[in-house]
Structures are given as structure tokens and as C-alpha cells.
Amino acid sequence: MTTAKTKKNNSSVLWWIVWILLTIGSFFVSAHFWTWFIADKVGPIRQPGVSILWVTAVFGSWMVLLVPLIVVMYNKVDKAYEDARIRRELAELHKTQESLKFRSALVDPSERQLSKGLSKRLKEIPETIKRGHLVTVILQDGKKYDNVFIADRSEILGIYGHHTLPFQTDEIADLEPADLKNLPDFKEEHWLRLDGVGNND
């Protein structure tokens, strides 16, 4: 990666050197042409009025020659700024992902989707946070799983204290609101998010 970056930097330096040489070279090409042309068609440059004609012709044609070089330079600089912006955003995203302490696993949305009956049941339970319920899941065999987070009354988004989702949604018999007065001392790294967002263990 370092080698590739070094090559890219060397390429950029070489491009700027070439651009500067072309800019300077185009001036001398223009000056050489008009010096010869005016001397041949009009007269010596020391002749009254000829020097003004020479300056106008040289710098006018040089400006015309510079137009494509300026366009190329603008595109190059614009691309450099865009590449820098993308690198900066990727670095910030990577830094943000590294700062996330909760664990993450990707469970297919269809395997996290609640039945219509359970979604209707959640309408009877007050939201723990906006658009979210912290509940105890009761399975058909009587097993209970505390601190399951459900988003939008429709999908299981997280569970506390587990490395995987320990049940299937079709095994759920009922949902109970979490006892908010007796919650554990939650630690971010013990949460498991089930939509694949964040750090994967």
C-alpha cells in the first residue's frame, strides 16, 4: 500500500513538472513564432509600434495555448480534492466503526421478523424508547430471554448477553415488557446487534 501511495505521489509530482514545462514552453513557442513572423512580414521589433504588436501577439496567442492546459489542470486539481474527500470520509467511517463497542451479527431480516400477532401485542406495551421496545421473550416451551430489543414493533434488532440469537421467531409465544426498575448494569460490549451494523465478532 505504501509503495502504491509513493508511486501515486511520484506520478503527481511528475505531472506538475510536465505541466509547468508545457506552460513555459508554450510561451517560448509563441514568442519564437511571432518574432519570426513579425520580423518577416512587418519589420524589425525596434521599429515604432512593432514592439507593441509583438507583445500583443505573443501574449494573446500564449493565453490561447494556455486554455487547454488550464482546463486539464482544473480537472486534475478537482479530482485530487475529490479523492482526498473520499479518503477522509473513509477514514472517518473506519474510525467510527472502530469506536463501536457493541458486537454485531448479520441475521437475515426474515428470521428476525415478528408475526402480526406479536406486533399487535407490542401495541399494548409502552415503548421503551421512541420506536423501540425492550422486552422479555417467552418461548412456547416456557424459556425466557430477557432484554431483547425490538424496533418498530416488527423486527428483533438486538439482544443483551448473547453471542447469537438463541431462538427462532416462530418459537415465540408471548412478549412481556422488561422490568425497567431491575435492569442489569448494561455494558455496550455485551449487546449483540442483529442487522450486521458495527463490529463483527
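Arg 153 is partly exposed, with a relative accessible area of 31%; here buried means under 20% relative accessible area, exposed means over 50%, and partly exposed lies in between (1.4 Å probe, protein chains only). Arg 153 sits in the loop between S3 and S4, where helices (H or I, at least four residues) and strands (E, at least two) are DSSP runs numbered from the N terminus. Its backbone deserves a look too: Arg 153 has a positive phi of about 55° although it is not a glycine. Asp 152 also belongs to the loop between S3 and S4, and a positive phi of about 55° is found for Asp 152, again not a glycine. With 38% relative accessibility, Asp 152 counts as partly exposed.

The model is a predicted one, in which local features need pLDDT of at least 70 and side-chain atom pairs count only at pLDDT 80 or more, while totals for chains, interfaces and linings use all residues. Residues are numbered from 1 along each chain as its sequence is written, and side-chain values use heavy atoms, with hydrogens and water left out.

Stepping back to the whole chain, the secondary structure comes to four helices and seven strands. Read from the N terminus, the elements follow the order α-α-β-α-α-β-β-β-β-β-β. Of the 201 residues, 27% count as buried. The chain exposes about 14100 Å², and carbon and sulfur atoms supply 61% of this area; accessible areas come from the Shrake-Rupley method with a 1.4 Å probe, and for residues only the protein chains shown count as cover. Among contacts (heavy atoms within 4.5 Å) with a separation of 6 or more, 69% join residues 24 or more positions apart.

In soluble globular proteins, nonpolar side chains tend to be buried together. A nonpolar core is a set of buried Ala, Val, Leu, Ile, Met, Phe, Trp, Tyr and Cys residues joined through side-chain atoms within 4.5 Å. The largest such core in this model has 19 residues, and those with the most contacts inside it are Val 137, Val 148, Ile 156, Phe 167, Ile 172 and Leu 175. At least two residues of this core come from each of helix H4 (116–122), strand S2 (132–139), strand S3 (144–151), strand S4 (155–160) and strand S5 (172–177). Apart from this core lies another, of six residues, among them Ala 31, Ile 38, Val 50 and Ala 57.

Leaving aside neighbours within four places in sequence, Ile 172 is in contact with residues including Leu 114, Leu 118, Val 137, Ile 156 and Phe 167. Asn 147 lies in strand S3 and counts as buried, at 10% relative accessibility. With neighbours within four places again set aside, the contacts of Asn 147 include Leu 134, Val 135, Gly 158, Tyr 160, Phe 186 and Trp 191.

Turning to the helices, Leu 53 is found in helix H2 (residues 50–99) and is partly exposed, with a relative accessible area of 39%. Beyond its neighbours within four places in sequence, Leu 53 is in contact with Ile 38 and Val 42. Leu 53 and Val 42 are eleven residues apart in sequence and 9.7 Å apart in space, C-alpha to C-alpha. Val 13, for its part, lies in helix H1 (residues 2–41).
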